[in-house]
Each structure stands twice: as C-alpha cells, then as structure tokens.
Amino acid sequence: MRWLQRLLGGGRIQLDPERQQTLLRDLQHGYGPRARTPFPAQVEAATGMLSGDDGLVVAARVLHQVADEAHLDLRAQAQDIHRRTGRRLLVHRRNYRQLWSEAGPGLRWPLFALPCGFHPYAQVAAAVAVVGGRAARLDRVTDPAPLVTHMFEVLDLTTAGWEYGRVRVDTDGAALVDRLIASAAQILAAMDDPPRLPPPVRALMRRNNSLDVHDPHAGHQVGRFNLGARMREQLLA
C-alpha cells in the first residue's frame, strides 16, 4: 500500500495525537445546531481550524466515525423492526439505497442524531472539504481507500434520505452532497488504484432529473440540483 509505505518511510511526518484530540473536542463542542452561526459560516471556520496533517487526520476520523455510527444506528433500527414485526431488512453498507427503498417510512434518518454529535451540515461538511482539498496529501497520513468508501456511504445515506426518508432538500444538504461528490472525485483521482463506484452512485448517475432546493429557514425554493449530472461531471471526468 502506497499510503503505508509513505507513512513508514516516505518523508518526515510529525503528527501530534494530543493536538488531534483537542481538535476533535473543539469540533464536537464548538459547532453544530447549538452554535449561533449559520452552517455555511461554521463549515468555513471548522475547515480553517483543521489545518496541517493533524487536521487532515481529524477530518478523516470524523468521516470514519460518522459512517460507522450511522451503520450501527441503521442495524439497530432494522433489528427493532424485525423484533416488532418479524420483517427482516438487509443493512448493506455498500448500498443503503435498497434498505431505504424498502423501509424508508419506517426508518429514522440517522445523520441528525449520532452519538458523536457531529452534524452533517457543520462538522461533517467541513471534514469533507478538508479531505477533498488535500486529497494529494491523504496517503501520507492515512489509507484513502476506506475513507472514500465511508464518504460514499454518507453520500448514499443523504441522497436516500432525500428520496425515501422525508429529509428536505435544502441549501445546506445540497452543499454537503456537492462537497461529497467533488471531494470523492479528488480523492479517487489521487489514488493509484481507485475502487469502483458503489451501486447507489452508479444508479443515480443514470438519472437526469433535477431536485428542488429550498431555503432552510424560509422554506421556499431557491434553486434546483441535477444530482445525476453533477455526479457524471465529477466522477466520470
């Protein structure tokens, strides 16, 4: 693995675990719904805070943790549905879309209430911006393969939430999805052997419909988002 070879012997990388823990705590407690600033301003501030290699490591940790906790949450929900109704649901991390198409109305979208407290439109969006903006540096500090896999999981959950989970498509959600697509494309382009695009992404890329995007506060439509076209533009380049 090129990332491991570089980490072990390809240059002097000085990482500070204590600084990483401080950054992680500051992210958890200083941002999110309880902060008094709009999400776009929070994303800008948090992105600036996650500077250097330690910030890059923390951004990757945020995305790993969010993806893992979302998976555990959905597994617990599926088990609860089975216990109450006898209905078995397949929770497959590579394709959440199938789960949501089958049981969307009975599921709770997990990304707004994860144990870690990271909010998709604040800390998660900032982490996505950081790893995409420094994609060429990623393999110096971590393995980019599971990272981009987890980013696709978050993308899958977000778009499935729009379609099946009663999550409104607003400007904050659209900004997150746009960042996920662009950053994933940047990471894939920097990899020697990038993985195949997961099934939900390939399915959405075959579409050409536009979604209404709403103001998160007033609720009225402010634009449209052609998800399939955006994915084709970035991920097939």
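Colleague: Is Arg-206 buried or exposed?

Modeller: Bear in mind that this is a predicted model. Arg-206 comes out exposed, because its relative accessible area is 66%, and the cut-off for exposed is over 50%.

Colleague: Okay, and where is Arg-206 found?

Modeller: Arg-206 sits in the loop that links α10 (199-205) to β1 (210-214).

Colleague: Let's go inside. Is Leu-147 buried or exposed?

Modeller: Buried: the relative accessible area of Leu-147 is 0%. Leu-147 belongs to helix α8.

Colleague: What is Leu-147 in contact with, leaving aside neighbours within four places in sequence?

Modeller: With that exclusion, Leu-147 contacts Ala-60, Leu-63, His-64, Val-131, Leu-138 and Ile-187.

Colleague: And how far apart in space are Leu-147 and Asp-170?

Modeller: 26 Å, C-alpha to C-alpha, for a sequence separation of 23 residues.

Colleague: What lies 2.9 Å from a polar atom of the Gln-42 side chain?

Modeller: The backbone oxygen of Thr-37 does. Thr-37 also turns up in the contact list of Gln-42, together with Tyr-31, Gly-32, Ala-35 and Ala-122, once neighbours within four places in sequence are set aside.

Colleague: Which side chain has a polar contact with Asp-73?

Modeller: That of Arg-108, at 2.7 Å. Leaving out residues up to four places away in sequence, Asp-73 touches Arg-108 and Pro-110.

Colleague: What's going on at Ser-51, between α3 and α4?

Modeller: Ser-51 is in the loop joining those helices and is partly exposed, with a relative accessible area of 35%. The Ser-51 side chain has a polar contact of 3.4 Å with the side chain of Arg-19. Beyond four places in sequence, the contacts of Ser-51 are Arg-19 and Arg-134.

Colleague: And how far is Ser-51 from Phe-39?

Modeller: 19 Å between their C-alpha atoms, at 12 residues apart along the chain.

Colleague: One last residue. Where is Gln-98 found?

Modeller: Gln-98 is in helix α5 (residues 96-103). Gln-98 is partly exposed, with a relative accessible area of 39%. Gln-98 and Arg-230 are 132 residues apart in sequence, and their C-alpha atoms are 22 Å apart in space.

Colleague: Zooming out now. How many helices and strands does the chain have?

Modeller: There are 11 helices and 2 strands. Reading from the N terminus, the order is α-α-α-α-α-α-α-α-α-α-β-β-α.

Colleague: And why do you call the chain as compact as a globular protein of that length?

Modeller: The radius of gyration is 18 Å, and the globule rule gives 18 Å for 237 residues, so the chain is as compact as a globular protein of that length. Along the principal axes, the C-alpha atoms fill a box of roughly 55 × 40 × 40 Å.

Colleague: What share of the residues counts as buried?

Modeller: 50% of the 237 residues. The accessible surface is about 11,500 Å², and 51% of that belongs to carbon and sulfur atoms.

Colleague: How many positive and negative side chains are there?

Modeller: 30 positive and 24 negative, with the centres of the two sets 4 Å apart.

Colleague: And what share of the contacts with a separation of 6 or more comes from residues 24 or more positions apart?

Modeller: Those residues account for 74% of such contacts in the chain.

Note on methods: Residues are numbered from 1 along each chain as its sequence is written. This is a predicted model: local features need pLDDT of at least 70, side-chain atom pairs count only at pLDDT 80 or more; totals for chains, interfaces and linings use all residues. Side-chain values use heavy atoms; hydrogens and water are left out. Helices (H or I, at least four residues) and strands (E, at least two) are DSSP runs, numbered from the N terminus. The radius of gyration is taken over C-alpha atoms; the globule rule is 2.2 Å times the number of residues to the power 0.38. Buried means under 20% relative accessible area, exposed over 50%, partly exposed in between (1.4 Å probe, protein chains only). Contact means heavy atoms within 4.5 Å. Accessible areas come from the Shrake-Rupley method with a 1.4 Å probe; for residues, only the protein chains shown count as cover. Lys and Arg count as positive and Asp and Glu as negative; His and the chain ends are not counted. The place of a charge is taken as NZ of Lys, CZ of Arg, CG of Asp or CD of Glu. A polar contact is a pair of N or O atoms within 3.5 Å; within protein, one must be able to donate a hydrogen and the other to accept it, and residues adjacent in sequence count only if both atoms are side-chain atoms.
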